[in-house]
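Please describe this protein model for someone who has not seen it before.

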Amino acid sequence: MRTVIENGWILTMDSADTCYENGYIIIEGDRITHVGKSPVPADLLAGASHVDAGGSIVMPGMINTHCHVSMIPFRTMGDDCPDRLRRFLFPLEEKAVTPQLVYWGALYGIAEMLLSGITTFLDMYYFEDQVAEACRDAGIRGFLGETVIGQKTCDSEAPYGGLDYGRKFIQKWKGDPLVSPLIAPHGTNTNQPEFLEKAYALACEYDTLYTLHASEMDYEMDYFAREYHQTPTEFLHALGVLSPRTLLAHCIHMTESDLDRIAAAGASVSHCIGSNTKAGKGVSPVKTMLERGIPVGLGTDGPSSGNTLSMFTQFRLFASFHKTENRDRSLFPARDIVRLGTRTGAKALGAADRIGTLEPGKQADIVMVERNSINMFPCYNPYSALVYSAERANVDRVWVAGQERVRHGRLTGLDETEIRRRLLEQMPDFLEKSREFASII
Ligand SMILES: [Zn+2]
């Protein structure tokens, strides 16, 4: 079936940043076949269904390169608690997270992402099979990795159980049209070096991405300085796990030589400005990363760390923090920021051949952002509108792989109220166990 989207302000985000103030897109099946300036050639209109964009901004589906989507039940719990990861997140996860909680938490978070125009996300968590099921049920694109970590977890009695789970998970989901499996060692200092290597070998064996938290925590930096006289990046480089398949989440604390190593290895970075600055951890040197050609994607981080799963929040925070950090208003014009959330994000996931731009042959992952609401007028520059004016509520329609998942701001295939009800059904035990930490959360 052919669908014609007409009368849109189309931001292709292609390598020339081609933009059509009055343009069209044609979708056939799961792909884009044509993009151009109106009018639509008559021969392409025959038998097609029509969508009148009514002047909306039409952009590629946004790409969230770092998330733990199933952590919805943790949202607003101990937001301001220092060292929360070790003090209550790890222990509560281990005691209280179940496959059902992961599934319904994932579906809830996926609904939130679709409604905010995110069509692809990368996730690392436990019971990742349930996250994959949720992606399939919701029709969103997921790059999903089971967490490998040197401690007992909710889905493994023994440390490093994620390695076996991850192998089975990759075998099960490899080749799925929406789910791209990968392996996700938790972090540089939460795995013994040999397990970072084993996880990397698995990624090589199945040709998947390899993602981990890196250079994020002060205590992580101190640990590597003390134990190895190295930075975490130097350590990963010496271990041989930096390559184009490596996606490093955060990279807040970087030396010049760290950046050289990442660039030379062809590795990518997921930058989570909302989560990093909420925790007071610092601002990653993204300007320098981009100058060195490192692909940098944007990430919301999990709903416990970054709270909103909206890319619009990341856009705005990115502009504010990086311009302030560099004392330069002209740095990162809005178009460059939208590019990070689309085309460069796709590159960071090694998927630039399939997603991230509106071009013939690419997957039809498309977002329409309306301009009728009170906050969207006037609009001289659509990139500026996306970074500085738009909110999740302005997302009008969303397609993933040619399937319409959001229409007029409502999910087409999921019932938001029912998902919340089912998630709440799973939460009493979690809430009971969280009482142990009541004094700090
Ligand atoms: Zn994270």
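T277 lies in helix 10, residues 273-278; helices (H or I, at least four residues) and strands (E, at least two) are DSSP runs numbered from the N terminus. The model is predicted: local features need pLDDT of at least 70, side-chain atom pairs count only at pLDDT 80 or more, and totals for chains, interfaces and linings use all residues. Residues are numbered from 1 along each chain as its sequence is written, and side-chain values use heavy atoms, with hydrogens and water left out.

The relative accessibility of T277 is 19%, so T277 counts as buried; buried means under 20% relative accessible area, exposed over 50%, and partly exposed in between, with a 1.4 Å probe and protein chains only. Leaving aside residues up to four places away in sequence, T277 touches G282, V283 and F321, where contact means heavy atoms within 4.5 Å. A polar atom of the T277 side chain lies 2.6 Å from the backbone oxygen of I273. A390 is 113 residues from T277 along the chain, and their C-alpha atoms are separated by 21 Å.

The metal site comes next. H66 (NE2), H68 (NE2), H213 (NE2) and D301 (OD) coordinate the zinc ion at 2.1 to 2.7 Å. Donors are N, O and S atoms within 2.8 Å of the metal (3.2 Å for Na, K and Ca); water is not among the atoms, so sites may look incomplete. Along the chain, the donors of the zinc ion follow the spacing H-x1-H-x144-H-x87-D. H68 lies in the loop between strand 6 (62-67) and helix 2 (84-96), and H213 in strand 10 (residues 210-214), so the pair ties together parts that are 145 residues apart in sequence. H68 and H213 are both buried. The angles among the four donor atoms of the zinc ion run from 81 to 172°, and the site is irregular.

The chain as a whole has 17 helices and 17 strands. Its radius of gyration, taken over C-alpha atoms, is 21 Å, close to the 22 Å that the globule rule gives for 441 residues, so the chain is as compact as a globular protein of that length. The globule rule is 2.2 Å times the number of residues to the power 0.38. Further values for the protein chain are tabulated here.

| Property of the protein chain | Value |
|---|---|
| Span of the C-alpha trace along its principal axes | about 65 × 50 × 40 Å |
| Share of the 441 residues that count as buried | 59% |
| Share of contacts with a separation of 6 or more that join residues 24 or more positions apart | 72% |

Definitions and conventions:
Four donors count as tetrahedral if all angles lie between 85 and 135 degrees; four count as square planar and six as octahedral if opposite donors are over 155 degrees apart and all others between 65 and 115; anything else is irregular. A polar contact is a pair of N or O atoms within 3.5 Å; within protein, one must be able to donate a hydrogen and the other to accept it, and residues adjacent in sequence count only if both atoms are side-chain atoms.
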